[in-house]
Amino acid sequence: MEQRMRLDSQWSKVNNKWSIVLFFLIFPFLMSPSCKTKKQDTSTESTTAATITKPAFSADSAYKYIQQQVDFGARVPGTAAQQKCATYFEQKLKQFGATVYMQKTNVVVYNGKSVPCINVIGAINPEAKRRLLICTHWDARPFADQDDSATAKPILAADDGASGSAVLLEIARQLQQKNPEIGIDLIFLDVEDYGQPEYELNKKQGDFYCLGTQYWCKNPHVPNYKAENGILLDMVGAKGATFTIEGVSMQYAPTFNKQVWKYAAQLGWSNFFINDVTDQIIDDHYYINELAKIPTIDIIYRSYTTRSGFAPHWHTHDDNMSIIDKTTLQAVGETVMATIYDF
Ligand SMILES: [Zn+2]
């Protein structure tokens, strides 16, 4: 609650200062000294724990699933590409033996337009009581507002949308071959990235990111849905990605977050999963924590070198197949699979 109040005050501060470079998809909160002091939390964590059995995960397969999504074109809400890609997820999940829910609605975006929103849910072991939620957004941003040119054109979103979705599909394929003991819900969330572009920021303000998630939290695909923990994947396929421990994740699910980073370390992926707490981000997991009350972490590419704190290709036309790297996909896929089997 205290944190939420802090967020609100931070947000109104931002509203009042038009000169502040407002962020994103997601608005990372301005790094505050108090935020930085949180680092102590993980500095003592061991990253040299014994190795564990590498779970099966094919980055080649995940790469193909990204390519397939990108081939549909930009999966912008309200386009034919959106419809085709939703059907693709549905067919693949069914092929991999998941119980599929297609949650179709309309949501109103920042400019007052109503657009179709399709959340796709693939449930593995739907009858199991103990459940782990793994989610990603799959829509492509309709603008390239961080680019220098063609800013009003949608991005292909190979990383910011397609990468997480591809990892989820590959997880579904693997789980069909080695069934986990618990229930897994793979949730493909739509209309995450339709927040107003930076070049229109003098217009109406509001909480217009993560609309598919906000809808799902209020209207879960099964009544009284509950999962013990959640993992959000966002921008998990780019070359040289670094996943720091994100602030909201540490607020709501610190133990789980540390455990996942420990699996990454045990699998030899500490060069991707950095033991460093960084600022809070409003991403899909924020609403899942706040509204659905499921302690959920965010595995998201944070950069130490860019002004935005996000990847250099973030919300630009550089977010295409050329920045996708199979080693990154392998690191994320194996880490999530280890979490599933050891949960
Ligand atoms: Zn985005």
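**View 1. Leu 133 stands opposite Asp 185 of strand E4.** The model shown here is predicted. Strand E3 covers residues 131-137, and strand E4 covers residues 183-189. The two strands run parallel. Seven bridges join them. In general, strands of a sheet pair through backbone hydrogen bonds, either parallel or antiparallel.

**View 2. Six strands form an open sheet.** Read across the sheet, the order is E1-E2-E4-E3-E5-E8. The pairing is mixed. Which strands stand at the edges? They are E1 (99-108) and E8 (296-300). Each has a single partner strand, so one side of each is left without a neighbour in the sheet. From one strand to the next, the twist averages 20°.

**View 3. Helix H7 packs on the sheet.** This helix spans residues 211-218. Which strands does H7 touch? It touches E1, E2 (114-124), E3 and E4. The direction of H7 makes about 60° with that of E2.

**View 4. Tyr 252 lies in helix H8.** Helix H8 runs over residues 247-252. Is Tyr 252 buried or exposed? Count the C-beta atoms around it: 22 others lie within 10 Å. The cut-off for buried is 20 or more, so Tyr 252 is buried.

**View 5. Tyr 252 touches residues from another part of the chain.** Leaving out residues up to four places away in sequence, Tyr 252 touches Asn 289, Pro 295 and Thr 296. Take Pro 295: it is 43 residues from Tyr 252 along the chain. Their C-alpha atoms are separated by 5.5 Å.

Methods:
Residues are numbered from 1 along each chain as its sequence is written. This is a predicted model: local features need pLDDT of at least 70, side-chain atom pairs count only at pLDDT 80 or more; totals for chains, interfaces and linings use all residues. Two strands pair if DSSP finds at least two bridges between them. Helices (H or I, at least four residues) and strands (E, at least two) are DSSP runs, numbered from the N terminus. Axes are lines fitted to C-alpha atoms, for helices over the stretch in contact, and angles run from 0 to 180 degrees between N-to-C directions. Two residues are in contact if their C-beta atoms, placed from the backbone, lie within 7 Å. A residue is buried if 20 or more other C-beta atoms lie within 10 Å of its own, exposed if 12 or fewer, and partly exposed in between; C-beta atoms are placed from the backbone.
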